[in-house]
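User: I would like to learn how to read the features of this model. Please take me through them in turn.
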Amino acid sequence: MDKMDGRRWHDMGGLPAGEVPKDGHDFAIWEKRVDALMILCGTKGHFTVDGLRRALEDMGPEAFENHTYYERWIAAVNQNLIEAGVYSIEELGTRMEQIKARGPSYGEASVKDG
Amino acid sequence: MAERVRVKAMMPPGHVRAPFYLRGKTGEIERSLGPFKNPEQLAYALPAAPKNLYRVRFTMAELWGAEAEAPQDFVEAEIYEHWLERLPDAP
């Protein structure tokens, strides 16, 4: 929103929306994993769905235009896990480098610890 | 007689659980849904006191005025108690 009217970008109820897309779609394995990760985080008490939503809302409209649904989710999960102290930025960066070094394909990157 | 309430019209920034299009609007309590931890606190990983949640009924005429296609139809939304102010019964 350009003007400071109090409505944040995600709060779209009541705005013109045009046609509602009705075509179905399937999910990739990584997307299912993100969904499962979110559920696990809630079960373990790291954060709630409210924390997920808060992080998604704080990303702003550019994230909505440029990233897919589960790309936004994993970013929000990560934000909450860092805030909850589950891992540090350093640990995250180190782990990402390790997995990147396994190889570019999903299969290579998915190999268990090592 | 159903209890009349108005959704507070305040506009704080942050994680808010009252949709913009309902703020400042008047409706009737359809039923009480019981207490839930305040999601506006949970969103920031803070201790969250239980807040009662209500299903509130708003007419399309109230929400959209003259633009409402079916003014007698209604929307029901779930709103936490801290976003509602009670109104005196209609005369």
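User: Which residues does I29(B) touch, not counting residues up to four places away in sequence?

Analyst: Contact means heavy atoms within 4.5 Å. By that rule I29(B) touches A2(B), E3(B), V5(B), Y54(B), R55(B) and V56(B). Before going on, note that this is a predicted model, in which local features need pLDDT of at least 70 and side-chain atom pairs count only at pLDDT 80 or more, while totals for chains, interfaces and linings use all residues. Residues are numbered from 1 along each chain as its sequence is written, chains are lettered from A and ligands numbered from 1 in the order in which they are written, and side-chain values use heavy atoms, with hydrogens and water left out.

User: Where is I29(B) found, and does it count as buried or exposed?

Analyst: Helices (H or I, at least four residues) and strands (E, at least two) are DSSP runs, numbered from the N terminus. I29(B) is found in strand β2 (residues 26-37) of chain B. Buried means under 20% relative accessible area, exposed over 50%, and partly exposed in between (1.4 Å probe, protein chains only). I29(B) counts as buried because its relative accessibility is 15%.

User: How is a nonpolar core read, and which residues touch the most other members of the largest one?

Analyst: In soluble globular proteins, nonpolar side chains tend to be buried together. A nonpolar core is a set of buried Ala, Val, Leu, Ile, Met, Phe, Trp, Tyr and Cys residues joined through side-chain atoms within 4.5 Å. The largest one here has 16 residues, and V7(B), L22(B), V56(B), F58(B), I79(B) and L84(B) touch the most other members. Two or more residues each come from β1 (4-7), β3 (50-59) and β4 (74-80) of chain B. Another core, of 12 residues, lies apart from it and includes V34(A), C41(A), F47(A) and L81(A).

User: What is the volume of the largest pocket, and which residues lie nearest its centre?

Analyst: On a 1 Å grid over the protein atoms alone, a pocket is an open set of points where a 1.4 Å probe fits, with protein on both sides within 12 Å along at least five of seven lines; lining residues have an atom within 4 Å of a point. Grid points are joined across faces, edges and corners, and a volume is the space filled by probe spheres set on the points. The largest pocket has a volume of about 960 Å³. It is lined by 20 residues, and L37(A), I74(A), R95(A), M96(A) and I99(A) lie nearest its centre. α5(A) gives the most to this lining, with 6 residues.

User: How much area do chain B and chain A bury between them?

Analyst: Buried area is the accessible area (1.4 Å probe) that two parts lose on being put together, summed over both. Chain B and chain A bury about 1100 Å², 52% of it on carbon and sulfur atoms. In chain B, H15(B), F20(B) and A43(B) lose the most area to chain A, together 40% of what that side buries. The contact takes 14 residues from chain B and 13 residues from chain A.

User: What phi does A45(B) have?

Analyst: Most residues other than glycine have a negative phi. A45(B) has a positive phi of about 60° although it is not a glycine. A45(B) lies in the loop between α1 (39-42) and β3 of chain B.
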